[in-house]
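Trainee: I have a model open and some questions about it. Can we go through them one at a time?

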Amino acid sequence: MTLSAQEITKLIKKKIPDAIIEVNDIRGDNNHYHAKIISQKFKGLSKLKQHKMVYEAIGSHMGTTLHALMLTTSES
Amino acid sequence: MTNIDKKIDTMIENDDVVLFMKGTPDFPQCGFSANVVGILNYLGINYQSYNVLDDIELREGIKVYSEWPTIPQIYIKKEFIGGCDILKEMLENGEIEDFLKEKNINFKIKT
């Protein structure tokens, strides 16, 4: 079982509705992705907290159905 | 507090810079861990590493302890820094140098 880029986008969108999301399958194996996320919700938060928010959105998929997710987050 | 939490407490207390990784600095078993080793070596920082692949309890325990679902994880002076992406970003924007100075960690960037 793996996650598609669309499913990852959907999970993030659910938690961070205003997010502008770009998910790339960096190895073309449905298992290693790079997600770039822009959201006003990140405003005033450290990178650590921004990434934590994204991990919360991904939930238990991380490390199970999703092996690797590179994150780039910003507020604008 | 569980035993593994206590064990991790001790690990991050014993050394200023602690890296929880897959594999060892000489033989990293994952690209993200390899990147972090590369950055720490580039910065010329002394660090202690723990191979989570040798210890299933640590592998799962550290995720709960840090509330962070992935490995590698870096602690500096008991403060959780994050994983590969954050360290890389801190290196690229120069933040890491200020942070290390603030924490009194010796480093020497390899030129």
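Mentor: One definition before we start: helices and strands here are DSSP runs, numbered from the N terminus, with helices of at least four residues and strands of at least two. Keep in mind that this is a predicted model.

Trainee: Where does P72(B) lie?

Mentor: Look at chain B between two elements, α3 (56-66) and β3 (73-76).

Trainee: Which form does the peptide bond from I71(B) to P72(B) take, cis or trans?

Mentor: Most peptide bonds are trans. For I71(B) to P72(B), check omega, which is near 15°. That bond is cis.

Trainee: What is phi of N30(A) near?

Mentor: Most residues other than glycine have a negative phi. N30(A) is not glycine, yet its phi is positive. The residue sits in the loop between β1 (20-25) and β2 (32-38) of chain A.

Trainee: Is K78(B) buried or exposed?

Mentor: K78(B) is in the loop between β3 and β4 (79-82) of chain B. Its phi is also positive, near 70°. Count C-beta neighbours inside 10 Å: there are 12. The cut-off is 12 or fewer, so K78(B) is exposed.

Trainee: Is L71(A) buried or exposed?

Mentor: L71(A) is in strand β3 (residues 68-74) of chain A. It has 22 C-beta neighbours inside 10 Å. The threshold is 20 or more, so L71(A) is buried.

Trainee: Which residue of chain B is in contact with L71(A)?

Mentor: Set aside neighbours within four places in sequence. In chain A, the contacts are A35(A), H51(A) and V54(A). A35(A) is 36 residues away in sequence but 5.2 Å away in space, C-alpha to C-alpha. The contact in chain B is D85(B).

Trainee: How is α1(A) oriented to α2(A), roughly parallel or roughly perpendicular?

Mentor: The axes of α1 (residues 5-15) and α2 (residues 47-58) of chain A come within 8 Å and cross at roughly 115°. The range 65 to 115 counts as perpendicular, so α1(A) is roughly perpendicular to α2(A).

Trainee: How many charged residues are in the contact of α1(A) with α2(A)?

Mentor: From α1(A) come L11(A), I12(A), K14(A) and K15(A). They meet M53(A), V54(A), E56(A), A57(A) and I58(A) in α2(A). By class there are six nonpolar and no polar residues, and the charged residues number three.

Technical notes:
Residues numbered from 1 in each chain as written. Chains lettered and ligands numbered in written order. Predicted model: local features only at pLDDT ≥ 70, side-chain atom pairs only at ≥ 80, totals over all residues. Contact = placed C-beta atoms within 7 Å. Axes fitted to C-alpha atoms, helices over the stretch in contact; angles between N-to-C directions. Parallel < 35°, antiparallel > 145°, perpendicular 65-115°, else oblique. Nonpolar A, V, L, I, M, F, W, Y, C, P; charged D, E, K, R; others polar.
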